[in-house]
Amino acid sequence: MNPYISLLLFFGLMLGTTITITSSHWLLAWMGLEINTLAIIPLMAQQHHPRAIEATTKYFLTQATAAATLLFASITNAWLTGQWDLQLMTHPIPTTMIILALSLKIGLAPLHTWLPEVLQGLNLTTGLILSTWQKLAPFALLLQIPAANQELLILLGLTSTLVGGWGGLNQTQLRKILAYSSIAHLGWMLVILQFAPSLTLLALVTYLIMTSSAFLTFNFNNATNMNSLATTWAKAPLMTALTPLLLLSLGGLPPMTGFMPKWLILQELTKQDLPMTATFAALTALLSLYFYLRMSYAVTLTIAPNNLAGLTPWRFFSPSFSFILSLATLSALLLLPLTPAIMAILNF
């Protein structure tokens with residue numbers, strides 16, 4: 001793709017997200033989401049491959065459905081209450097419709113079925129954008145909606161943690177595994193949304209760091225399935241040692257960074273007299289931990305089969321993302337001791 005066109009599309013992504021995050025009017029928020037969607041469509045279809053075109057079509061139809069529902073709900077809210085402000089949602093019907101539309105946009109269960117299929121059809125760079133940057137604008141709207149439907153948010157969050165852990169158990173494609181990992185992490189954020197929005201923001205930032213590191217690591221190794229992870233040791237031995245720690249951080253094990261948001265979320269749920277919700281969320285995290293352990297096993301304890309058609313690549317040229325990869329990986333592993341400072345910054 002022409003670099004000027006790529007620059008224009010990335011500018012459209014940033015512009016759409018910025019409009020949505022800074023707007024207080026539902027029409028402007030919807031406009032920002034549409035600019036965001038239209039900017040990523042050419043990036044998804046740039047491979048000119050039938051699988052990429054299929055993924056782009058699915059993504060466009062899904063986002064168009066969610067955007068139409070969001071616009072209809074905001075118009076209904078203006079008709080019922082006479083105002084368009086994001087933080088003055090008082091009627092339960094349009095509020096519920098908007099929450100469901102935003103859940104469809106980011107891929108929360110049970111509205112998640114498009115996400116693994118779309119992510120599987122993209123390359124790792126575009127998949128990174130879809131899994132990280134595209135979550136910012138819908139979550140900015142979810143954080144501003146008054147928490148009137150606590151039961152709906154908790155139900156969506158727990159369903160997402162369960163589906164995200166269960167759906168990734170039998171997968172061998174790394175992009176689908178990361179899609180189900182995204183669903184599970186988003187469920188954790190939604191469970192705590194109405195009780196502690198600062199914790200949701202902390203969990204979102206931690207998720208963005210860990211997911212960026214995972215995508216950049218797989219892009220560094222040119223790995224798209226479980227078997228190709230076994231060639232990592234021949235390309236970058238240090239990366240082979242750090243990748244299992246990164247995957248366990250995604251699973252939420254101490255002393256890695258991924259343990260921090262889950263620990264604080266479970267603590268806050270217990271404070272809110274929701275011990276069963278906290279217990280269910282913790283048990284569903286074990287499902288996700290299983291396929292992270294499978295990936296760690298594939299990276300460290302297996303050797304790729306060699307044959308005449310495909311030999312183990314011994315020489316590998318470092319891409320230009322090495323600094324970003326190093327920074328994201330270190331952040332995904334070493335931020336847990338800074339938890340008190342982070343909580344002080346968030347005024348939690």
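Predicted model: local features only at pLDDT ≥ 70, side-chain atom pairs only at ≥ 80, totals over all residues.
View 1. Taken along the principal axes, the C-alpha atoms fill a box of roughly 70 × 50 × 35 Å, and buried residues account for 54% of the 348 residues.

**View 2. Helix 3 and the residue that follows.** Helix 3 covers residues 50-81, and because each of its 32 residues is counted at 1.5 Å, the helix should span 46 Å, which agrees with the 46 Å between its end C-alpha atoms. After helix 3 comes Gly82, whose phi is positive, near 80 degrees.

View 3. The unreviewed UniProt entry carries the annotation "transmembrane region" for several spans, including residues 92-115 and 152-169. In the model, residues 92-115 are 71% helix and 0% strand, with end C-alpha atoms 28 Å apart, while residues 152-169 are 89% helix and 0% strand, with end C-alpha atoms 26 Å apart.

**View 4. A nonpolar patch on the surface.** Leu8, Phe10, Phe11, Met14, Leu15 and Trp133 form this patch, and together they have about 580 Å² of accessible area. Leu8 belongs to helix 1, which runs over residues 3-22. With a relative accessible area of 57%, Leu8 counts as exposed, because the cut-off for that word is over 50%. The UniProt annotation "transmembrane region" also covers residues 7-28.

Definitions and conventions: Residues numbered from 1 in each chain as written. Heavy atoms only, no water. Patch = residues over 30% accessible without salt bridge, like charges linked within 9 Å, V, L, I, M, F, W, Y side chains within 5 Å. Areas by Shrake-Rupley, 256 points an atom, 1.4 Å probe, with all protein chains shown as cover. Salt bridge = Lys/Arg side-chain N within 4 Å of Asp/Glu carboxyl O. Helix = DSSP H or I, 4+ residues; strand = E, 2+ residues; numbered from the N terminus. Buried < 20%, exposed > 50% of the residue type's maximum accessible area, 1.4 Å probe, protein only. UniProt positions renumbered as here; feature names shortened; annotations may be inferred. Expected span 1.5 Å × (residues − 1).
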